[in-house]
Structures are given as C-alpha cells and as structure tokens.
Amino acid sequence: MAVPLEIGVDHLIQQRRHDLEVIRHSALRLGLELQAASDTATSGQITVLTSPHEVSLALPQLCQVAEQELRILVRSPADGYPIPEAAQGVSRKVALDLSLAELSVKGDAEVRLARDLPTNLAIADREMALLPLEQNALIVRRGNLFDALEALFEAVWARGTPLAQEPNDTIDMQDRELLSLLVAGLTDDAAGARLNMSRRTVARRVQRLMMVTGAHSRLQLGWWARERDWLS
C-alpha cells in the first residue's frame, strides 16, 4: 500500500531507533556483568586486559591476527579506539555512529552509518573479538559470548546506511531542492515541472545521488538525505 515518502522514512527511522536501543541495553548490561564478574586475568574463552599498555596494544594486535576480514563498530574514536587499517588482502566492514558521519576511513573499507552504536567492537575473522570496557578490555575467543558479539555487529550492520567514501562528490542546490520535493511526496513529473527539469533528468539525478550515498532504494535515499541535512 503506497504511503507518502516522509511517512515511510519516519517509520523506518523509528524502527531502527527501537532495534538499536534494544541492542544498546543488552550490550551495556552484558558488559557490566562481565566487568563485575571478571577479577582474574584469563578465563578460558575470555582474556581480561587491565593495564593501559595492554589495552592500547590490543587493537593493533587483533588486526595482525586477521587473515580474511575485520568487522568494526566505532562509537567514538576519541575513546582511544582508532579505526585500524588492515593488512593486504584483509577486507574491512566499518560501522560508524551517526555522529561520526564526517569521519574519513583510510584505505579500502565498506562503511555504514548507524544511530546510537552501543559500544566499540572489533572482530577478526570468525575467531577473536575485542570489546573495550570503561577502563579495561576483553579479548573474546570463539564461544557463546563471541557468537553474541558477532550477532551484535551483524544487527547493527544490517540496519546501517551505506556511507559514500567521497562525500564531496555530492550535491548542489538543485539536488537539495529535488530531494526536498520528492520527500514531500511529489512525483518525478511534478518535481521536474517545479524545477524545470525533464522526467529523465530527475531520474538521472536521483540515480546519481543513490550511487553517491550507497542507498539501495529511494526510501533509503530519503532517510540518508534527512540525516545529512540535505533537505532544503
């Protein structure tokens, strides 16, 4: 059933906020429980890093372990958690908090934006994960907790919006006006008539904007435009 685009975008945003809020509370509760229960340095599948020196080396060491893929959540690099580069042949998936939309990720990486990330996290292949806590950090190997951290990453990733890595290759005033009209519910023909564009030009501009942002649909493009304040 067709609905105005702005209603569909608002519904999508609200649903994503709800899903990520559930993930956030679960991750925070899990981290607090683990921190309270872990007084020993090593415990089977989990290694607790307590010294600042160990914590600072954990991420570079994890990157060296990765042979195929790094999956990374970045809530805030200011927490002493930089975005690592990967060795040659190792792919990267990086999910950034929406507040970091302007952050540049060096090197080849698939990048998405998501609202209210619950934690920083790095996963090397399907073998090992790094979960920073307030003062310490956990190295997590394969097991139930590792599976939960993988599920956390995949949930955030699935709900993320692809981020174009060339944000300046973007948008002029006509693009802003066009997006605003389309989000307001105008058809391609009506928006084109308002801006003195042909329907083909409207479609071409929309397609280019989808390529720039990595959006897979017009609905996702509308959400992206609203989050980046691209609407007039």
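This is a predicted model: local features need pLDDT of at least 70, side-chain atom pairs count only at pLDDT 80 or more; totals for chains, interfaces and linings use all residues.
Local features are taken only at pLDDT of at least 70 and side-chain atom pairs only at pLDDT 80 or more, while totals for chains, interfaces and linings use all residues. Residues are numbered from 1 along each chain as its sequence is written, and side-chain values use heavy atoms, with hydrogens and water left out.

The protein has 7 helices and 9 strands (DSSP runs, H or I of at least four residues for helices and E of at least two for strands, numbered from the N terminus). Of its 232 residues, 47% are buried (under 20% relative accessible area, 1.4 Å probe, protein chains only). The accessible surface comes to about 12500 Å², and carbon and sulfur atoms account for 51% of that (Shrake-Rupley method, 1.4 Å probe). As for contacts (heavy atoms within 4.5 Å), 59% of those between residues at least 6 apart in sequence join residues at least 24 apart.

Helix α6 takes in the 15 residues 199-213. The buried residues in α6 are T201, V202, R205, V206, L209, M210, V212 and T213. Their cover includes β9 (161-162), α4 (173-183), α5 (188-195) and α7 (218-227).

Over in strand β2 (residues 46-49) sits T47, which counts as buried because its relative accessibility is 13%. The side chain of T47 makes a polar contact of 2.9 Å with that of R141 (a pair of N or O atoms within 3.5 Å; within protein, one must be able to donate a hydrogen and the other to accept it, and residues adjacent in sequence count only if both atoms are side-chain atoms).

Notes: Buried means under 20% relative accessible area, exposed over 50%, partly exposed in between (1.4 Å probe, protein chains only). The expected span of a helix is 1.5 Å times one less than its number of residues.
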